Amino acid sequence: MNLGHALQAMRAIVWREIAKFARQTGRLVSALVRPLLWLAVFAAGFRNVFGMAIAEPYDTYIPYDVYIAPGLVGMVLLFNGMQSSLAMVYDREMGLMRLLLTAPLPRPWILFSKLTATAVLSLAQALAFVVIAWLLGTELPLIGPQTPHVLLAAVCSALMLGALGLLLSVHIKQLENFAGTMNFVIFPMYFMSTALYPLWKLEESGAAWVYQIARFNPFTHAVEWMRYAMYDKDPGLSPWIVLGTLALCFGLASWGYDPQRGFGALTKRGGGGPPGGGGG
């Protein structure tokens, strides 16, 4: 594979996604409305209900809106990762994905380029949310010696959730199936995590099965990695779980888009256009 050709292809794919996103102002607004409503309404309503004891990674008491802010950043990354899944299904039905996959480049590189584009858009939306949250009075410790760690955590989390969306796009055969599938992915991942409450509160409440699911939920570890990075604390195993999930999801997605396996089978079943596409 020629490196210059490969990087040029990645740049073209990323810029195509950015240009498409720039024309969809409603997509940015909808991406920000959800977490901002949680921040402005939910956090305000429960500010005096949920007492946040001093626990890692915090060295003092913090307002509830500061606690849930990393989880809301994760929500932005999660929703855009799932939105990318919808875009992949749409491109496949329209035949655009089939044409892209016939490019004279390794299929995993093409998929990684799509994943990179998803991560870039996710991070741009997350940055917009952080700025608006700051204007609303929720200040996060993002600037300082911890900044590189925060960026690393955010980039890897965006890639992991984008890879999950990429994997789901293999199995969602038609646009009509998208909403139902997402309801079984987005909401369980978000609510059964530490985005809204710490693990010790789940354990203390006696919700043992929710606690165990949250412990092993990759989204929990994405949120915790970002949360600990903001305070320059050791996130434990969270980075390894995020990176492991990223590698697993991307590997399975690459396997699923192989024309002899997932993608070829999908086209033959009528999920991605006429048979014979996706070769190369």
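Over residues 237-257, what percentage of the chain is helix, and how far apart are the end C-alpha atoms? The chain there is 90% helix and 0% strand, and the end C-alpha atoms are 30 Å apart. The model is predicted, so local features need pLDDT of at least 70 and side-chain atom pairs count only at pLDDT 80 or more, while totals for chains, interfaces and linings use all residues. Residues are numbered from 1 along each chain as its sequence is written, and side-chain values use heavy atoms, with hydrogens and water left out.

The stretch 237-257 is among those that an unreviewed UniProt entry annotates as "transmembrane region", the others being 36-55, 67-90, 111-137, 149-170 and 182-200. UniProt positions are given in the numbering used here, feature names are shortened, and such annotations may be inferred rather than shown by experiment. Over residues 182-200 the chain is 53% helix and 0% strand, with the end C-alpha atoms 28 Å apart.

Helices here are DSSP runs (H or I, at least four residues) and strands likewise (E, at least two), numbered from the N terminus. Two packed helices are described by the angle between their axes and the distance between the axes. The axes are lines fitted to C-alpha atoms, for helices over the stretch in contact, and angles run from 0 to 180 degrees between N-to-C directions.

Helix H12 (residues 238-256) packs against helix H11 (residues 218-230) at an angle of about 130 degrees, with the axes 8 Å apart. H11 and H12 are therefore oblique to each other; angles under 35 degrees count as roughly parallel, over 145 as roughly antiparallel, 65 to 115 as roughly perpendicular and the rest as oblique. Their crossing is left-handed, meaning that the near helix is turned anticlockwise from the far one by less than a right angle, whereas clockwise would be right-handed. In this contact (heavy atoms within 4.5 Å), residues of H11 including His221 and Trp225 meet residues of H12 including Ile241 and Thr245. The loop between H11 and H12 holds Asp232, which has a positive phi of about 55 degrees although it is not a glycine.

H12 also packs against H5: the axes come within 10 Å and cross at roughly 125 degrees. H5 and H12 are therefore oblique, and H5 passes H12 in a right-handed crossing. Pro108, Leu111, Phe112 and Leu115 in H5 meet Leu246, Phe250, Ala253 and Ser254 in H12. These residues divide into 7 nonpolar, 1 polar and no charged, where Ala, Val, Leu, Ile, Met, Phe, Trp, Tyr, Cys and Pro count as nonpolar, Asp, Glu, Lys and Arg as charged, and the others, Gly among them, as polar.

Aromatic rings come next. Rings of Phe, Tyr and Trp (its six-membered ring) pair if their centres lie within 6.5 Å, with planes under 30 degrees apart counted as stacked, over 60 as edge-to-face and the rest as tilted. The count comes to 6 aromatic pairs. The rings of Phe112 and Phe250 have centres 6.1 Å apart and planes at 85 degrees, so this pair is edge-to-face. Phe112 lies in helix H5 and Phe250 in helix H12, so the pair ties together parts that are 138 residues apart in sequence.

Finally, helix H5 (residues 107-135) meets helix H1 (residues 3-22), their axes coming within 9 Å and crossing at roughly 40 degrees. H1 passes H5 in a right-handed crossing.
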